[in-house]
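The sequence and structure are shown first.

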Amino acid sequence: MFEEGILEIIKIIHENGGLVYMDGANMNAQVGLTSPGTMGADVCHLNLHKTFAMPHGGGGPGVGPIGVCEKLVPFLPNHATVKVGGEQGSQVATAPYGSAYLIPITYGYLKMLGGKGLAEVTKNAILNANYMRARLEKDYKILYTGTNGMCAHEMILDCNEFDKHAGVQVGDIAKRLMDYGFHAPTVAFPVHGTLMVEPTESEPLSELDRFCDAMIAIRQEIRDIEEGKADRANNLIKNAPHSMNVVCADEWDRPYTRQQAAFPLPHTEKYWPTVGKIDDAFGDRNLVCVLSE
C-alpha cells in the first residue's frame with residue numbers, strides 16, 4: 001500500500017520524539033528507487049523472500065537483515081559466542097549471521113543483477129501490478145490507490161460487497177480459484193474480506209492475463225448469483241473446489257455442468273484439487289482428542 005504522505009508522517013513523528021519502524025515486506029516497490037534510509041525510517045527488516053529471491057514456504061524460513069539508525073545500534077541482536085550486535089542486544093537465533101545455506105542465494109541474486117538490474121526489477125513489479133489493476137478495476141473495487149489511480153507492487157481487491165449481495169465470501173473466491181488452476185493470493189490481509197495480489201516482476205504476460213481472466217470469470221459467476229441466474233447456496237463458487245472424484249463420478253446432480261465446474265476457461269493443463277471444500281475454522285475451534293493404542 002503506497003502512502004503518499006510518508007515523508008511528512010515520519011517528519012512529524014521525529015519532531016515529537018518518536019521512532020519509525022518500516023515493514024520490509026514492501027521492498028519489492030522500493031529497491032533502486034528509494035529506501036527506508038532515504039525516507040528516514042529508524043528500523044527496518046528486509047524480507048529476503050520475494051524481493052531478494054530467497055525461497056519461502058511452509059511457514060518459513062524468515063531470514064533477513066535488520067537495518068537500524070545509529071540511535072538503535074546498541075540494541076541490535078547479539079550472540080553468546082560471536083560478537084555481532086550491540087552491547088545491550090540479546091541472542092535471538094542460534095546462528096549469528098542467519099542461515100548459511102539461504103543467504104548466499106540472495107547474495108548471488110544481487111551480484112548477477114547489480115544496481116541497474118535491481119531497479120528494473122522494481123519497475124517491472126510495479127508495472128505488472130498496475131497492468132492487473134487496469135484489467136480488474138471494472139469488476140473489482142481496488143483499495144489504496146494513489147491520487148493518479150495507481151497502485152504500488154501489490155493491489156488489494158475488496159470482496160466484502162459480494163457477501164452482502166450474493167453470499168460469497170473472499171474464502172469462497174479463493175477456493176474457486178483452485179478450479180482455475182491458481183493458489184489464491186493473500187486472503188483477508190491486511191484488510192478483512194480482501195485478496196492482496198502481488199504479481200512481482202517474474203510473471204510473464206500470459207500468466208498475468210490468465211489470472212485476470214480467471215478473476216473476471218469468477219466475477220461473472222458472482223453476478224449470476226446476484227441476478228438470480230444461479231442459486232444462492234448451490235452454485236459454482238459455494239461448491240468449489242471441484243475435485244476429480246466429484247467431477248468424474250457417475251452421478252452429477254448439480255445445477256451446472258461438469259465443464260463449468262472443472263474447466264471454466266479453455267486451457268491445456270489442469271490442476272486437480274485433492275479435496276473439496278472444508279470448514280477452515282472448524283478444526284481450529286474444535287479440539288478433537290484421539291486415544292491411540
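## Backbone geometry in the loops

Tyr 144 lies in the loop that connects β4 (141-143) with β5 (155-158). In this predicted model, the phi angle of Tyr 144 is near 60°, a positive value for a residue that is not glycine. Most residues other than glycine have a negative phi, and most peptide bonds are trans.

## Packing of α3 against α6

Two packed helices are described by the angle between their axes and the distance between the axes. For helix α3 (residues 103-136) and α6, the axes come within 10 Å and cross at roughly 30°. Because angles under 35 degrees count as roughly parallel, α3 is roughly parallel to α6. The crossing of α3 past α6 is right-handed.

On the α3 side, the contact is formed by Asn 128, Tyr 131, Met 132, Arg 135 and Leu 136. The α6 side contributes Leu 205, Leu 208, Asp 209, Phe 211, Cys 212, Asp 213, Met 215 and Ile 216. By class, the residues of this contact comprise nine nonpolar, one polar and three charged.

## Packing of α5 against α6

The axes of helix α5 (residues 170-179) and helix α6 (residues 205-226) approach within 11 Å, with a crossing angle of roughly 125°. The arrangement of α5 relative to α6 is therefore oblique. As α5 passes α6, the crossing is right-handed.

From α5, Ile 173, Arg 176 and Leu 177 take part in the contact. Their counterparts in α6 are Phe 211, Ala 214, Met 215, Ile 218, Glu 221 and Ile 222. Seven of the residues in the contact of α5 with α6 are nonpolar, none is polar and two are charged. Phe 211 and Met 215 of α6 are named both in this contact and in the contact with α3.

## The second largest pocket

The second largest pocket holds about 590 Å³ of space. Its lining consists of 21 residues, of which Gly 64, Pro 65, Ile 66, Pro 96 and Tyr 97 are the closest to the centre of the pocket.

How is the lining of the second largest pocket divided by class? It has 13 nonpolar and eight polar residues, and no charged ones.

How values were computed:
Residues are numbered from 1 along each chain as its sequence is written. This is a predicted model: local features need pLDDT of at least 70, side-chain atom pairs count only at pLDDT 80 or more; totals for chains, interfaces and linings use all residues. Side-chain values use heavy atoms; hydrogens and water are left out. On a 1 Å grid over the protein atoms alone, a cavity is a set of points where a 1.4 Å probe fits but cannot get out, and a pocket is an open set with protein on both sides within 12 Å along at least five of seven lines; lining residues have an atom within 4 Å of a point. Grid points are joined across faces, edges and corners, and a volume is the space filled by probe spheres set on the points. Ala, Val, Leu, Ile, Met, Phe, Trp, Tyr, Cys and Pro count as nonpolar, Asp, Glu, Lys and Arg as charged, and the others, Gly among them, as polar. Axes are lines fitted to C-alpha atoms, for helices over the stretch in contact, and angles run from 0 to 180 degrees between N-to-C directions. Helices (H or I, at least four residues) and strands (E, at least two) are DSSP runs, numbered from the N terminus. Angles under 35 degrees count as roughly parallel, over 145 as roughly antiparallel, 65 to 115 as roughly perpendicular and the rest as oblique. A crossing is left-handed if the near helix is turned anticlockwise from the far one by less than a right angle, and right-handed if clockwise. Contact means heavy atoms within 4.5 Å.
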